[in-house]
Structures are given as C-alpha cells and as structure tokens.
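Hello,

Here is the structure I promised to pass on to you. Please have a look at it first, and then read my notes below.

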Amino acid sequence: MENSLFVDIGGTNLRYAFVESTSEKFSKVIKKKIDESISADLLIKQILKEIPIQINNIVFSIAGPKLNNTVEMTNRNLKIDPQTIKTKYVLNECFILNDWEAIAYSFLNFEQKSLFNLINEGKQPYNDNILCVGPGTGLGAAMLVKNEIALATEIGNINFGIKDLIGDKYYSSGEFRKIEDVLSGPAISRFYQILTNKNLKPEEIIKLAKSKEINALEVVNDFLKRLARFLAKLSLIYLPGKGIYLSGSLVRSLKDFIIKKDFKQNYLLSNKNTPQHKILENTVINIIDQEHLALYGCLNYFNLTQKV
C-alpha cells in the first residue's frame with residue numbers, strides 16, 4: 001500500500017490516521033474539535049502539515065449526503081470535492097464516503113469480540129444484509145449488502161413516525177420535525193431542558209442519570225424506549241437479516257442503562273400480533289463497543305478499490 005491518509009469529519013469532531021506503505025496498520029488516531037468556520041482546503045493543509053510522511057492517497061468519511069461525488073456537510077458550511085483535492089495535492093487517489101457508508105464498510109473485517117448483544121443473540125441470519133445505526137450529533141444509518149456494497153441513508157432527516165414516538169404533547173409543540181430531533185444527543189438535551197429549564201450537554205445529563213438524578217433518568221429511559229421502537233420500524237423497512245448494529249459514543253455511554261428485557265418488549269410492542277413479528281424476533285441487535293469505525297471503513301473501502 002502507498003502512504004494513505006484516512007479522515008473522518010463528523011458533526012463535532014475530526015479524526016484522522018495514516019497508513020505507511022510498509023504497514024497495513026493505522027498510525028495513532030488523532031482526534032480534534034472542528035473549527036466551525038474552517039474551509040476544506042485549510043483543514044486538509046493543517047492535517048498534512050502534522051503528518052511526517054508524503055501522502056499519496058486520501059479517503060474521507062464525512063457527515064453529510066453524497067451527491068455527484070461531493071459531500072456538503074449537514075451541520076457546518078464545509079464541502080469536499082475529491083477531484084479538486086486530488087489535483088491540488090497531486091494525489092494518486094482521493095475518495096469520499098458518507099460517514100455511515102464508511103461505518104458500514106468497517107464490517108468487512110469487523111472483530112466480533114467488540115459486540116454487546118441487546119436482543120435475539122444467536123439467531124441465524126435470514127439474509128446477508130447488515131444495518132448500521134447511530135444517534136450522535138444527528139442520526140445516521142447505512143446498509144451493507146452481501147458484504148460488498150454499502151448504501152448510505154439520510155434516515156435522520158425523515159419526518160414520518162415522529163408523533164408515534166413522542167406522543168401528542170411533544171409533537172404539538174412543533175419543534176420535533178425530524179427523526180434526529182427525537183433520537184440524537186441534542187434530543188437528550190432538549191427533552192431534559194423541557195423538564196428542568198436547564199440547558200445541559202448530553203454527556204452531562206448521562207452523568208447525572210448515572211448518579212440517579214430523577215429527571216436525567218427519565219430522559220435517558222424515554223430515549224431508549226424511542227430507540228427500541230424506532231429500530232422495529234427500521235427492521236421492517238430494511239430487513240437486516242444479519243442484524244442491526246448500533247455505534248457511536250452516545251450509544252456506548254447508554255449501554256449500562258439498558259435492561260434487555262424492557263428493550264425487547266419496546267422493540268416488539270407495535271407488532272406483537274402480526275405476521276411481521278417473526279422478523280423482529282429473528283433480528284439480532286448489538287451495540288458495537290469500538291471506536292473509529294469510520295476510519296476502518298475508509299481503509300477497507302480503499303483496499304477494495306485497489307483490487308484488480
């Protein structure tokens with residue numbers, strides 16, 4: 001492999017690592033907060049300045065929809081055009097992936113020991129498709145079809161099913177209009193603010209919940225109920241026969257609050273007496289207890305492109 005750089009640009013943080021031509025493993029992963037006003041060009045210059053080797057290839061994972069081989073970020077004014085970057089920095093290859101597309105590709109050599117099962121452990125796959133889902137700054141999802149093709153979605157920006165998830169009281173307020181408004185880190189903050197008039201970060205609320213603060217516990221438990229019910233909807237939409245995999249630091253931080261019996265009950269709640277019940281009973285759901293999946297996905301994708 002030539003010297004290659006892998007960059008994950010999220011809604012909040014930037015992560016990057018490189019692989020030298022003499023190795024197949026990442027260097028140390030660097031994580032930084034992203035300056036909201038930074039341009040793509042300046043961002044790349046800063047990264048390359050910090051890397052001690054000449055880079056021949058770059059693969060980006062970016063939190064935003066990919067259209068006409070460019071990505072314009074959802075949560076900040078930053079646009080990545082790989083052809084422009086390839087020419088300007090004299091690269092052999094430059095590729096871009098949607099962040100969840102990259103996470104799906106991470107499953108090409110995923111370590112099973114990193115999984116924490118929520119429900120239906122040991123069920124046999126009913127097809128070869130995997131669904132990756134993660135609430136974070138927003139809400140993302142992608143499918144990996146037959147271990148070959150990753151299909152990104154913009155599931156966080158859809159607006160159907162919200163009233164069913166939060167009820168009339170919250171829906172009538174008019175402020176919850178996308179799925180990620182009710183299933184994301186900012187959603188945890190907003191629901192806590194409604195209860196307490198306090199504006200706290202999601203990680204602060206989760207810390208309070210761990211100390212048994214009653215409002216924080218209510219917000220966290222309601223969030224997990226909504227997540228379980230939403231995953232049931234996704235199971236019927238995508239039919240992920242090899243399972244649903246939840247990833248991201250937010251989900252990992254909520255792992256200790258999950259009571260598996262209750263999570264499964266909420267997952268099955270709206271389809272108990274339907275023919276679709278068997279689909280839900282046979283869909284495995286796991287949490288991925290591992291960091292930097294998008295970077296591993298970028299590496300896997302790059303290796304795929306280099307196969308003759």
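Let me begin with Thr137, which has a relative accessible area of 37% and is therefore partly exposed. You will find Thr137 in the loop between β10 (129-135) and β11 (139-145). Its C-alpha atom is separated by 6.0 Å from that of Ser184, although Thr137 and Ser184 are 47 residues apart along the chain. Please keep in mind that this is a predicted model.

Next, the helices. Helix α5 covers residues 185-196, and its axis and that of α6 come within 8 Å, crossing at roughly 65°. The crossing of α5 past α6 is left-handed. On the α5 side, Gly185, Pro186, Ile188, Ser189 and Tyr192 take part, and they meet Pro202, Ile205 and Leu208 in α6.

Helix α6 (residues 202-210) also packs with helix α7 (residues 214-238). Here the axes are 7 Å apart and the angle is about 110°. Angles of 65 to 115 degrees count as roughly perpendicular, so α6 and α7 are roughly perpendicular to each other. α6 passes α7 in a left-handed crossing. The residues making this contact are Ile205, Ile206, Leu208 and Ala209 from α6, together with Ala216, Leu217 and Val220 from α7.

Another place to look is Ser114, in the loop between α3 and β9 (115-119). Is Ser114 buried or exposed? Its relative accessibility is 11%, and because buried means under 20%, Ser114 counts as buried. The side chain of Ser114 is joined to that of Gln290 by a polar contact of 3.0 Å. Leaving aside neighbours within four places in sequence, Ser114 is in contact with Ile287, Ile288, Asp289 and Gln290.

Finally, helix α11 (residues 293-305) has 13 residues. What span should we expect for α11? At 1.5 Å a residue the helix should span 18 Å, and its end C-alpha atoms are 18 Å apart, so the two agree. The buried residues of α11 are Leu293, Ala294, Leu295, Gly297, Cys298, Leu299, Asn300, Tyr301 and Phe302. What covers them includes the strands β1 (4-9), β2 (13-19), β4 (57-62), β8 (93-98) and β14 (285-288), along with helix α3 (99-105).

Enjoy exploring it!

Best wishes

Methods
Residues numbered from 1 in each chain as written. Predicted model: local features only at pLDDT ≥ 70, side-chain atom pairs only at ≥ 80, totals over all residues. Heavy atoms only, no water. Helix = DSSP H or I, 4+ residues; strand = E, 2+ residues; numbered from the N terminus. Expected span 1.5 Å × (residues − 1). Buried < 20%, exposed > 50% of the residue type's maximum accessible area, 1.4 Å probe, protein only. Contact = heavy atoms within 4.5 Å. Polar contact = N/O pair within 3.5 Å; in protein donor to acceptor, adjacent residues only side chain to side chain. Axes fitted to C-alpha atoms, helices over the stretch in contact; angles between N-to-C directions. Parallel < 35°, antiparallel > 145°, perpendicular 65-115°, else oblique. Left-handed = near helix turned anticlockwise from the far one by under 90°.
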